[in-house]
Amino acid sequence: MTIKILGVIFLGLASGLAVGSGFVAFLTVLGVIPRLTQLSKTMRMIQHYEWAVVIGALTGVIASLRDPVLGISSYFLIPLGVTGGIFVGMLAAALTEVLNVLPILAKRIRLDGKIILLIMAIVLGKIFGSIFQWVYFIPHK
């Protein structure tokens, strides 16, 4: 039983580190907030953007830990879906700008001629992680 608890703790910390580092990379390396303020010409409101990110991250963490059930109208879910789609779209656009990081990473971990292996490892990891989540965490009726 103790090994199982330690395994869950390790898996939770590893998952949190992976997601957290990806989120930090998204915000800092790509410069999403400064770029967003530059494009929208709202430089004076940069602190509002920063607080929105912090509050959104904390709300997301609390929601994922508590698994809330929202008793709200389906029409209210449309703006939530649109804002979620905007976030995913911005993330995808930012990642396309950063894809040139993969050759640098491959060189650093000595996989110079094998970048396809690095990409396939990322893809397969994402696929197996999604399948695991679907089979293990999603209740099927």
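The model is a predicted one, in which local features need pLDDT of at least 70, side-chain atom pairs count only at pLDDT 80 or more, and totals for chains, interfaces and linings use all residues. Residues are numbered from 1 along each chain as its sequence is written, and side-chain values use heavy atoms, with hydrogens and water left out.

**The whole chain**

Begin with the protein chain in cartoon view: six helices and zero strands are present, and along the sequence they give the pattern α-α-α-α-α-α. The radius of gyration of the protein chain is 19 Å, well over the 14 Å that the globule rule gives for 141 residues, so the chain is more spread out than a compact globule. Helices (H or I, at least four residues) and strands (E, at least two) are DSSP runs, numbered from the N terminus; the radius of gyration is taken over C-alpha atoms, and the globule rule is 2.2 Å times the number of residues to the power 0.38.

Colour by accessibility next: 8% of the 141 residues count as buried, where buried means under 20% relative accessible area, exposed over 50%, and partly exposed in between (1.4 Å probe, protein chains only). Among contacts (heavy atoms within 4.5 Å) with a separation of 6 or more, 33% join residues 24 or more positions apart.

**The largest pocket**

Now turn to the largest pocket, with a volume of about 1,400 Å³. Select F23, G56, A57, G60 and V61, which are the closest to its centre of the 29 lining residues. A pocket here is an open set of points on a 1 Å grid over the protein atoms alone, where a 1.4 Å probe fits, with protein on both sides within 12 Å along at least five of seven lines; lining residues have an atom within 4 Å of a point. The volume is the space filled by probe spheres set on the points, which are joined across faces, edges and corners.

Highlight α1 (2–28), α2 (32–40), α3 (46–66) and α4 (74–98), each of which supplies at least two residues of the lining. Helix α3 gives the most, with 11 residues. By class, the lining divides into 21 nonpolar, seven polar and one charged; Ala, Val, Leu, Ile, Met, Phe, Trp, Tyr, Cys and Pro count as nonpolar, Asp, Glu, Lys and Arg as charged, and the others, Gly among them, as polar.

**The aromatic pair**

The structure holds one aromatic pair. Select F132 and Y136: their ring centres are 5.3 Å apart and their planes lie at 10°, so the pair is stacked. Rings of Phe, Tyr and Trp (its six-membered ring) pair if their centres lie within 6.5 Å, with planes under 30 degrees apart counting as stacked, over 60 as edge-to-face and the rest as tilted. Both residues belong to helix α6 (residues 115–137), four residues apart, about one turn of the helix. F132 is partly exposed at 44% relative accessibility, while Y136 is exposed at 58%.

**Single residues**

Go to the loop between α2 and α3, where K41 is found. The phi of K41 is near 55°, a positive value in a residue other than glycine, and K41 is exposed at 70% relative accessibility. T42 also lies in the loop between α2 and α3, but T42 is buried, with a relative accessible area of 15%. Leaving aside residues up to four places away in sequence, T42 touches T37 and Y49.

Finish at G84 in helix α4, a partly exposed residue with a relative accessible area of 33%. A C-alpha to C-alpha line from G84 to R44 spans 25 Å, for 40 residues of sequence.
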